[in-house]
Amino acid sequence: MEQVAIVDRLRAEFPDEILSSYTNQGQTAVIVRPGRIVDILRWLRDTDDLRMNHLRALCGVDNVRRKEPGLSRFEVVYNLYSIPLRHEIRVRAEVGDKDPAIDSVVALWTGADWLERETYDLFGIRFDNHPNLRRVLLPDDWVGHPLCKDYPLKGKEEWAGMTELLEKIKELDQHGFDPEGHAHGQTAPDQEDDL
Amino acid sequence: MTRPISKSLDIPVPDGDSERYSLRMGPQHPATHGVLRVDLELDGETIIECTPQVGYLHRGFEKLAENKTYAQALILTDRLDYIAAMANNIGYCVAVERLLDISVPLRAQYLRTMVGEMSRISSHLLWLATHALDIGAMTVFLYCFREREILLDLFEELCGARLTFSYPRIGGVRQDVTSAFVDELQRFLDIFPAKIEEYETLIDTNRIWLKRTVGVGKVTGEQALSLGLTGACLRGSGVDYDIRKHQPYGAYALVDFEVPLGSDGDIYARYRCRMEEMHQSVRIIQQCIDQLPPGPIVGPDAPDLVMPNKPRARIEASTNIYGTGLIKLIRDRNLYMSGDVYVATEVPKGELGFYFISDGNNRPYRMHIRSPSFIHISALATIAKGELIADLIANIGSLDVVLGESDR
């Protein structure tokens, strides 16, 4: 089915949820409200002539520096593809500015589990009804969400676990595990800037 | 006075005839193919709960890419799936070209297809080698590395690197092939099908191999789709999904090949799929060599590498293309069209997708990498549950994961 036709079907089915749609480089996307995202995606997956059974990608976006007006700060993007019918669509759900949250789609695709955890990890977007929402790529005690645009590239501070580890190594070095200080205990003065 | 020891030491009493315990496998473990940790809840040798933990190799590529120009971020993709770096490069370039509407000459398309398939063979060879080694077939390991060495030498001849190539460029490829390279590749293609049969004679009639793979790690097609599996893992379960056929890129629409499908969805089916894929790759490379058209290898509007013949937007030609030209590009705003695209390519591991958002700048506003390995590892929890711990090793190998790609 033509992507534009899919959007028309979506508009007819969920008139209050669809905010806008556009086509870029032959790919059509719809921007939707977050409230009924599970219903929308289930409808796209289960309707007979759509059958969007493959969740290609799920990721978050921080729009704070984007030039287009009227976008909410955070959004979650779902790229769907129908393997039997070979058509695709992108669904962008606006999830608000502060304390962003959206319903989890793990019930529809088990594989969304880690993708949502990753989005939570890197953007701080909360997924309600997620079975196990915790960080996946970063350590559990990491502070902040690195892919937000206000998070500096070099990070904010040393991760607590790293500081602990360096302390531990220093302590072990005193007992002669590394008498010449080759490891992390002592750094040459000219290397200190890099650390 | 004597007391029973069991009371003072508080030895756990088996509950009925079973005893549950937890085991941490990895992150330093030879069979996890990188730094993967798997937390296991075991009942004897049966896995009750399997929790994979990743992130040890997280380098923040998505954040880094937002601070680099499109051409600079190419080298990051080498470090994703370092076993098939060429395929990652191609995936990245195809996505950026779609995003910025850059055309690629036909010769470059063919060259990309050719090296992409070489990369697939090399990745599958390494997979077969380590997978067989994990299950206990040492000989296959050495045989596979023998042929992989020829491919790595060919890559070195082509672009000077054996592992991190950065050979494809946005808008084309970096260098043209030499006739010596094509001759050498042709020699490889002539001998390689016989070599695949050699591996097969080593393991396909091996009773131990069959016992450890047939019927183990079963995934139905529906399950595989729900888990998000792609590549040979999905096709092993009988779902016909290959992006080279579904949404062709490069020269895949112009060459003839088949997509091997399995039906059982077990480790053996995935193994058969990958072996067949190598045969198909040979076919594709052969056609690429035969059909290779003459012409330029970089498009006229490729950014950064070569200044365009017809100046576009505000790019100025400069004598020092790597110095001044690049700085000018970095300072220029509103150089490209804005918008977003999701473009996926079929890499040896599965579907590698790039979701790009451009806001007209010369750097991506957002780059999301849909890495097959990340999703495959998350599927491990479902696949390994209820199976034996020894089969966990076979399952990890069979999913063909690379942790560099998973953690990004």
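Let's start with one helix. Helix α4 of chain B, residues 85–100, has 16 residues. From first C-alpha to last, α4(B) reaches 23 Å, close to the 22 Å expected at 1.5 Å a residue. That expected span is 1.5 Å times one less than the number of residues in the helix. Helices here are DSSP runs of H or I with at least four residues; strands are runs of E with at least two; both are numbered from the N terminus.

Before going on, a word on the model. It is predicted: local features need pLDDT of at least 70, side-chain atom pairs count only at pLDDT 80 or more, and totals for chains, interfaces and linings use all residues. Residues are numbered from 1 along each chain as its sequence is written, while chains are lettered from A and ligands numbered from 1 in the order in which they are written.

Back to the helix. Is α4(B) largely enclosed or open? It is largely enclosed by the rest of the structure, because 15 of its 16 residues are buried. Buried means 20 or more other C-beta atoms within 10 Å of the residue's own; exposed means 12 or fewer; partly exposed is in between; C-beta atoms are placed from the backbone.

Ser166(B) is not a glycine, yet its phi is positive, near 50°. Ser166(B) sits in the loop between α6 (138–159) and β4 (168–169) of chain B. With 21 other C-beta atoms within 10 Å, Ser166(B) is buried. Gln25(A) has 15 other C-beta atoms within 10 Å, so it counts as partly exposed.

Next, chain A as a whole. It has four helices and seven strands. Along the sequence, the pattern reads α-β-β-α-β-β-β-β-α-β-α. Chain A has 195 residues, and 34% of them count as buried. Contact means that the C-beta atoms of two residues, placed from the backbone, lie within 7 Å. Take contacts in chain A between residues at least 6 apart in sequence: 48% join residues at least 24 apart.

Now the sheet of chain A. Five strands form an open sheet, ordered β1-β2-β5-β4-β3, with mixed pairing. Two strands pair if DSSP finds at least two bridges between them. Angles run from 0 to 180 degrees between N-to-C directions, and axes are lines fitted to C-alpha atoms, for helices over the stretch in contact.

Look at one pair. β1(A) and β2(A) are antiparallel and share six bridges. Asn24(A) stands opposite Gln27(A) in β2(A). Helix α1 of chain A, residues 3–13, lies across β1, β2 and β5 (88–96) of chain A, at about 20° to β2(A). α3(A) also packs on the sheet, where it touches β3 and β4 of chain A and makes about 10° with the direction of β3(A).

Chain B has a sheet as well. Three strands, in the order β1-β2-β3, form an open antiparallel sheet. Its edge strands are β1 (20–25) and β3 (46–53) of chain B, each pairing on one side only. Seven bridges link β2 (residues 37–43) of chain B to β3(B). In that region, Asp39(B) stands opposite Thr51(B) in β3(B).

One residue of chain B to find on screen: Val182(B), in helix α7 (residues 179–203) of chain B. Leaving out residues up to four places away in sequence, Val182(B) touches Val177(B) and Ile289(B).

Last, where the chains meet. How many residues does each chain bring to the contact? Chain A brings 28 residues and chain B brings 37 residues. On the chain A side, β3 (54–62), β4 (74–81) and α3 (112–123) each supply at least two residues. β3(A) gives the most, with six residues.
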